[in-house]
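Today I opened this model to look at its ligand site and its nonpolar cores. Here are my notes, in the order I looked things up.

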Amino acid sequence: MKLAPRTAGLLGVSAVIALLPFLPVPAFWITQLNYIGLFSLVALGLVLLTGVGGLTSFGQAAFAGVGAYASAYLAVKHGISPWVGLLVGLVLTTALALVLGWLTLRMSGHYLPLATIAWSLALFYTMGNMEALGKYDGLLGVPPITVGDFSFQDERRIYLLIWAAALAGAVAVTRLLDSRPGRVMRSLDVHRGGGSTMPEAMGASTFRHKVVMFLVAALLACVSGWLFAHMQRSVNPSPFGIKFGIEYLFMAVLGGVGSVWGAFTGAALVKLTEDQLQVWLPQLLGTSGSFEVIVFGIVLVIVLQRAPRGLWPLIERFLPAKQRVDPDDAAPALPARDKPRRGEKLLQVEAVRKAFGGLVAVNDVTFHVDAGEIIGLIGPNGAGKSTTFNLVSGVLPLTSGAVKLRGQRIDGLPSREVAQRGMSRTFQHVKLVPDMTVLENVAMGTYLRTKSGTLAAMLRTDRTEEAQALAEAHRQLARIGLGEMAHELAGNLALGPQRLVEIARALASDPSLLLLDEPAAGLRHKEKEALAAVLRQLKAEGLSLLLVEHDMDFVMNLTDRIVVMEFGTKLMEGTPAEVQASPQVRAAYLGTEH
Ligand code: ADP
Ligand code: MG
């Protein structure tokens, strides 16, 4: 088997790391590396949570505290094995993270950081005040971790355990990010143009994915705390307080919160410079104190000014580029939906109404789409097209009326359930994940046709299904004529191709009905022609489409029927020729368009 340069590099670095304690490296440096490994584990969780998900937690040190105290308490007070202690710590952490996540992650961004601060403070004072946990003095005489007769009793031995855990964590997170749930996680960061609308429309529960990210981050911190307690052979509350919670964020952000290796860069940098600063600053200033914190604050601001994604991307430039593997087009197809027969009633929109306060944006509009048809919904700006689109796709609740897909009511359902029933959509304002490849973006469309979860991703038992998903994505890209662009980053594409990629993503869900919201908006003439060609081809292949568009010329040659809206009501419905000939429609468009 030929190794990719990156994998070979990782194996090389791992081998060096594994050898270090057997070489005459001074104990001081082994201890430093131990701390770096422990910090990296925690920072790794923040890469996932903050860097990928855009969620901030100040409570990671507290989760480390749970791991440390659970095992230390059981070992010291009850003579229980550290391995059982680890298990108890993980269970406790899971329970705590689920409760905290459940309470805060449904709400917008600020609740999680606040809740993690509160939780961090609460745990700190609990640890410091409980008799059983030794109050602020903590617990002494924590035994080393053992496997059979082998005891990880000194810094050289526990080093092996720490770095095995840190590297395993890095590999697990890397694998997670390159998977079905990982793609959803990478689409969430609101600070980088993400959010929940698109993944929900692809059928994913964004809340669930946020909870999983929070949980994984908490568990990584817990393992770090466990290792720390048995390395230190004692625990006390101070390393698990809010100060360390902030410091972990420093590490992750400084090192590069967008990459797994940024966590290691940040942990190393903070640990090594902090030690130097602790020695030098008091000498320089002639008095003692935690001045390094101030220096770090300043350094952080400067670094983020210069390199907003942290230091790792600067290092990464000198490494071989990530190898993109071509999808295996021979992978078996994903299960397909049973398709409606041509002419079957597909979408029925019955007297839908939407009132925003006193404004009736959509006023009892009725129309239908039969299988195999392309219907255009047109009208001047402000006519209520987008609102109608949102009512049909489950983004907005109806005031009254009904929407049926294949005979079943879908109004009132969240958009991911609407997607589940076979409706897929694109967005007027393109929603692609810019730092994912075109192929990965399209693969998001297969979310509902695949099953693999977080654990399968980390253990790589998802590879067969993943190959199927990527092959499907590649097929859909080829279908719209962008097969060659598969490995391009989506953010590098022009608007026209981006809109086509959105169509491919929607097609990857194997929809019965495809909804397009102003697909031609903002496109240049050539791009519009390319788009029209693709839509015509989809129509020839028998797909059903609802096209919301205000560019009348664009829909004329494409559609079977056109529904015209004005001021929230249906003005008329007819063939393109009838609509074109209608004086009413011309009047509606005159003065507002062209
Ligand atoms: P179109 O897509 O045809 O340009 P829209 O559906 O976006 O029209 O808007 C129809 C009308 O509803 C407009 O007058 C618009 O200002 C109003 N409208 C749309 N969304 C909202 C909202 N969330 N709150 C209040 N008014 C809205
Ligand atoms: Mg609109």
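I began with the shell around ligand 1: H14 supplies the largest share of it, three residues. I took helices (H or I, at least four residues) and strands (E, at least two) as DSSP runs, numbered from the N terminus. Strand S6 (359–370) and helix H14 (385–393) each give at least two shell residues.

A note on conventions: this is a predicted model, where local features need pLDDT of at least 70 and side-chain atom pairs pLDDT 80 or more, while totals for chains, interfaces and linings use all residues. Residues are numbered from 1 along each chain as written, chains are lettered from A and ligands numbered from 1 in written order, and side-chain values use heavy atoms, without hydrogens and water.

Next I listed the surroundings of ligand 1 (a heavy atom within 4 Å); among them are Phe356, Pro380, Lys385 and Thr387.

Which backbone atoms approach oxygen atoms of ligand 1? I looked for polar contacts (N or O pairs within 3.5 Å). I found a polar backbone atom of Gly384 at 2.9 Å, a backbone N or O of Lys385 at 2.8 Å and one of Ser386 at 2.9 Å. Alone, ligand 1 exposes 560 Å², and the protein buries 58% of that (Shrake-Rupley, 1.4 Å probe).

Then I turned to the largest nonpolar core, which has 89 residues. I counted buried nonpolar residues (under 20% relative accessible area, 1.4 Å probe, protein chains only) joined through side-chain atoms within 4.5 Å. Helix H9 (residues 206–232) gives the most, 15 residues.

Methods: Polar contact = N/O pair within 3.5 Å; in protein donor to acceptor, adjacent residues only side chain to side chain. Buried < 20%, exposed > 50% of the residue type's maximum accessible area, 1.4 Å probe, protein only.
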